[in-house]
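Subject: Structure handover

Hello,

Here is the structure I promised to pass on. Please open it alongside this note.

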Amino acid sequence: MELIKTDGVVLKRTYVGEKDAIIKILTSGAGLVSASVKGVKNMKSKLAAGSQVFGYSDFVLRPGKELFVVTQSAQKEGFFGLSSNIERLSFASYFAELTAAFHPGAEDAKAILPLLLNTLYLLSNSSKNMELIKCVFELRLLCYLGFAPELDACTMCDDTEKLCFFSPSAGGTVCRSCGGVHDACIITENTLAAMRYAQNSDDKKAFSFALSKSAIDEFAQCTEKMCEQVFSRPLPSLAYLKQITGKL
């Protein structure tokens, strides 16, 4: 079988037996894949560094009956700043689980992988508000996967004025007159402007703004509810993140 050479980020690692592991990788060439890593717990393993969770590596994969098999790996970026505190690690875990939950294919992964890399870099190396990083990541991930919200007009009547509510079930903004949607939450002008900017900018510029705490809370309520609308349930890592950050 032909070997696959690709780069990717390890989203999850599960140990199997005494020496092996199965890793879930978001790759640029094959989308989301699961792969077996033989002997990874051996201290002399040449595959250990490349299979680190959240690490960005080059891989050589051999197709197997049920899983790919990692034959070679070389880490390109470890994002070691993520392990500096439990909050950074919790945010990264949520981003990884959210990405994997969408099961992105090869075409989607070409856009999502750069977004994930930029997000992990900011989380690991910058002092930017982690809650804001989360909001932008959630929104752009939803957009790349075909769940972009309407932010320029009322989803109920197409009016472009007085857009002061956001409804995940309606697919975006709702005007004052139509605000009786059951899951509509209040959204202010500053928050709406930030969401538009984050949605329409490229991956690097999408994070280049600041917001007040109250606006970030509004932004987060919108994107979290959208993700929950897609999955019909909150992800376990989000509940853990909220516990760590004191938002439960």
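Below is what turned up, region by region.

One caution before the details: this is a predicted model.

Start with β1 (residues 4-16) and β2 (residues 20-27). They run antiparallel and are joined by eight bridges. For a landmark, take V10, whose bridge partner in β2 is I25.

The three-stranded sheet

Further along is an open sheet of three strands. Its order is β7-β6-β8, and the pairing is antiparallel. β7 (172-175) and β8 (185-186) are the edge strands. Each has a single partner strand, so one side of each has no neighbour in the sheet. Between β6 (residues 163-167) and β8 there are two bridges, in the antiparallel sense. F166 sits opposite C185 of β8.

The α4/α5 pair

How do these two helices pack? Their axes lie 9 Å apart, at an angle of about 60 degrees. α4 and α5 are therefore oblique to each other. The crossing of α4 past α5 is right-handed. From α4, the residues in the contact are T191, A194, M195 and A198; from α5, they are A215, E218, F219 and C222. Sorted by class, that contact has six nonpolar residues, one polar and one charged.

F207, in the loop

The loop between α4 (189-200) and α5 (213-231) holds F207. Is F207 buried or exposed? Its relative accessibility is 4%, so F207 counts as buried; the cut-off for buried is under 20%. What does F207 touch, beyond its neighbours within four places in sequence? The contacts are L115, T119, L122, K128, I133, V136 and F137. T119 deserves a look. It lies 88 residues from F207 in sequence, yet the C-alpha to C-alpha distance is 8.7 Å.

Best wishes

Conventions:
Residues are numbered from 1 along each chain as its sequence is written. This is a predicted model: local features need pLDDT of at least 70, side-chain atom pairs count only at pLDDT 80 or more; totals for chains, interfaces and linings use all residues. Side-chain values use heavy atoms; hydrogens and water are left out. Helices (H or I, at least four residues) and strands (E, at least two) are DSSP runs, numbered from the N terminus. Buried means under 20% relative accessible area, exposed over 50%, partly exposed in between (1.4 Å probe, protein chains only). Contact means heavy atoms within 4.5 Å. Two strands pair if DSSP finds at least two bridges between them. Axes are lines fitted to C-alpha atoms, for helices over the stretch in contact, and angles run from 0 to 180 degrees between N-to-C directions. Angles under 35 degrees count as roughly parallel, over 145 as roughly antiparallel, 65 to 115 as roughly perpendicular and the rest as oblique. A crossing is left-handed if the near helix is turned anticlockwise from the far one by less than a right angle, and right-handed if clockwise. Ala, Val, Leu, Ile, Met, Phe, Trp, Tyr, Cys and Pro count as nonpolar, Asp, Glu, Lys and Arg as charged, and the others, Gly among them, as polar.
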